Amino acid sequence: MTDSINEQFGQIYDQYIDKIYRFVYVKVDSQEVAEDITSKVFTKGWESYQNQSSEIKNPGAFLYQIARNAVVDHYRDKGRTKTVSVDVSPDIADPGTNAQDMAILSADVSNIKKAMQKLEKDHQDILIWHYLEDVPIADIAKLLNRPAGTVRVMLHRGLKDLKNIIQES
Amino acid sequence: MTKITQKQLIESLKQFKEIKPRKEWAVLLKSQILTEKETVIVSVPAKRINFMDAIASVFSQRKLAYSFAVVLFLIVGVFGFAQHTVPGDLLFPVRKVAEQSQAALTGQSGLKQSVANLNNRINDLVQVAKEGKKANIPSAIDEIKTDASYLTKSLKSSKTENSQTIKDIVSSLKTLADVPGTDLTATPAIKGLYQAVVQSQIVDLQETTLADEQKETLSQAIELYNQGKYTEALEKILLIGK
C-alpha cells in the first residue's frame with residue numbers, strides 16, 4: 001500500500017515538477033526562490049496525498065493550488081511587493097520564430113518576466129497556464145472555479161495589460 | 001521594448017515553456033520527498049516531547065540502567081556466593097549450574113565433565129567432613145552417588161577414555177575412601193563405578209604385553225573382579241602399573 005502511494009506520487013511528481021517549477025519561477029525573482037517554493041509545494045503535496053489520496057481527483061489542480069498559496073505566502077513573509085528584480089535570465093530558445101524575432105524575444109525575456117510579475121495574480125495564472133502549459137480555457141475555468149467566458153475575458157485582459165506594462169517600461 | 005505585437009508577446013510567453021528545473025535538483029527533491037515519510041513518522045513523536053518529557057525520559061533510562069545494574073550485581077553476587085556453597089546449602093544448585101555452564105563453555109567432553117563433577121562432589125564431602133557440617137553430609141553423599149552413577153554410565157559408553165582419565169577417577173575414589181566415617185564403597189553407585197573402572201583396566205591390560213609377574217597379578221585381579229571384590233581388584237591392577 002505504501003509502495004503504491006509512493007509510486008503514484010512519484011508519477012505525479014514526474015508529470016508536474018517542470019510545470020510547477022515554471023509556474024513558480026515566472027512569479028518570483030530567482031532560481032533559488034523558485035526551487036525553494038517548488039520544494040515546499042511538493043513536500044506539502046506529498047504530506048496531503050498520503051492522508052487523502054483518494055480525495056484528490058485532479059493532482060494538477062491540487063498542486064497548482066498549493067503553489068499559488070505558496071507564492072502568496074512567500075511575498076507575504078518577505079514583505080515584498082510584486083515589483084521585484086529579475087536576476088536570472090533563463091537560457092531558452094524558441095524554435096517557432098525566425099532569427100530576428102528570436103534575438104528580440106530572448107533579450108526581452110527578463111523584461112517580460114518582470115512585467116508578468118506586475119500583473120494581477122489571476123491574470124498571471126491564466127497566461128501561464130494557457131500559453132506556457134497549453135491548458136484549454138475550459139480546464140482553466142475549472143482550476144479557478146469560474147465560467148469559461150470569464151476566463152476568456154481575463155486572458156484577453158491579462159495579455160493586454162502585459163503588453164501595456166512592457167510598452168510602458 | 002517600446003512596441004510589441006500581441007503575436008510577439010504570445011511567442012515571448014511561449015519561450016518560458018523551455019524553462020526547466022535543474023535535473024539533479026529535481027531528482028534529489030523527489031528522492032527526499034518520497035523517502036521522508038518514514039522520517040516524518042519517526043520525528044513526529046520526537047517533536048511532541050517537551051522539556052518535562054525529556055527529563056522523565058532521562059530518568060526513565062537511568063532507572064532502567066540502574067535496574068539492570070542491580071539485577072546484574074545480584075546475578076554476579078549470587079553466582080559468586082554460590083561458589084562457596086556445599087551440597088545441602090540453599091544456593092548449591094546455582095553452583096552446579098555454574099559448573100555445567102563453565103564445562104559447556106570450555107568444551108569439556110561428557111566423560112571428563114563427569115569425572116570433574118564427581119571430583120568436585122568428593123571435595124565437597126571432604127570439606128563438609130572437615131568443617132563438621134553434619135547436616136550437609138547426607139546431601140553431599142547423595143550428590144556423590146548421583147555423579148558416580150553418571151560417571152559409570154559415561155565410562156561404559158565411552159570408547160575413548162585414556163589412562164589419565166582413569167587415573168583421575170582412581171585418585172577421586174582414593175580420596176573418597178580416605179574421608180573418615182564415610183565408607184561408600186559398598187553403595188551400589190560407588191561399587192558400580194569401581195566395577196566399571198576395573199573392567200576397563202582389565203580389558204586394556206589383556207591387550208597389553210605383560211611380564212609373567214604382571215600376568216599373574218592380572219589373573220588375581222580378574223579373579224577378585226569375578227568375586228565382586230572390585231576395590232581389591234583395582235589395588236592389584238594398580239600394582240601392575242607400577
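The model is predicted, with local features needing pLDDT of at least 70, side-chain atom pairs counting only at pLDDT 80 or more, and totals for chains, interfaces and linings using all residues. Residues are numbered from 1 along each chain as its sequence is written, while chains are lettered from A and ligands numbered from 1 in the order in which they are written.

Me: Why is the pattern of chain A written α-α-α-α-α-α-α-α?

Reply: Helices are DSSP runs of H or I with at least four residues, and strands are runs of E with at least two, numbered from the N terminus. Chain A has eight helices and zero strands, and the pattern is read along the sequence.

Me: What makes a residue of chain A count among the buried 32%?

Reply: A residue is buried if 20 or more other C-beta atoms, placed from the backbone, lie within 10 Å of its own. Of the 169 residues in chain A, 32% are buried.

Me: Why is the set containing Ile20(A) and Ala67(A) called a nonpolar core?

Reply: Such a core consists of buried Ala, Val, Leu, Ile, Met, Phe, Trp, Tyr and Cys residues joined through C-beta atoms within 7 Å. The largest one has 46 residues, and Ile20(A) and Ala67(A) are among those with the most contacts inside it. H1(A) supplies the largest share, eleven residues.

Me: Why is this core said to lie between domain 1 (1–84) and domain 2 (96–169) of chain A?

Reply: Domain bounds come from an automatic or database domain assignment. Both domains give residues to the core, so it lies between them.

Key:
A residue is buried if 20 or more other C-beta atoms lie within 10 Å of its own, exposed if 12 or fewer, and partly exposed in between; C-beta atoms are placed from the backbone.
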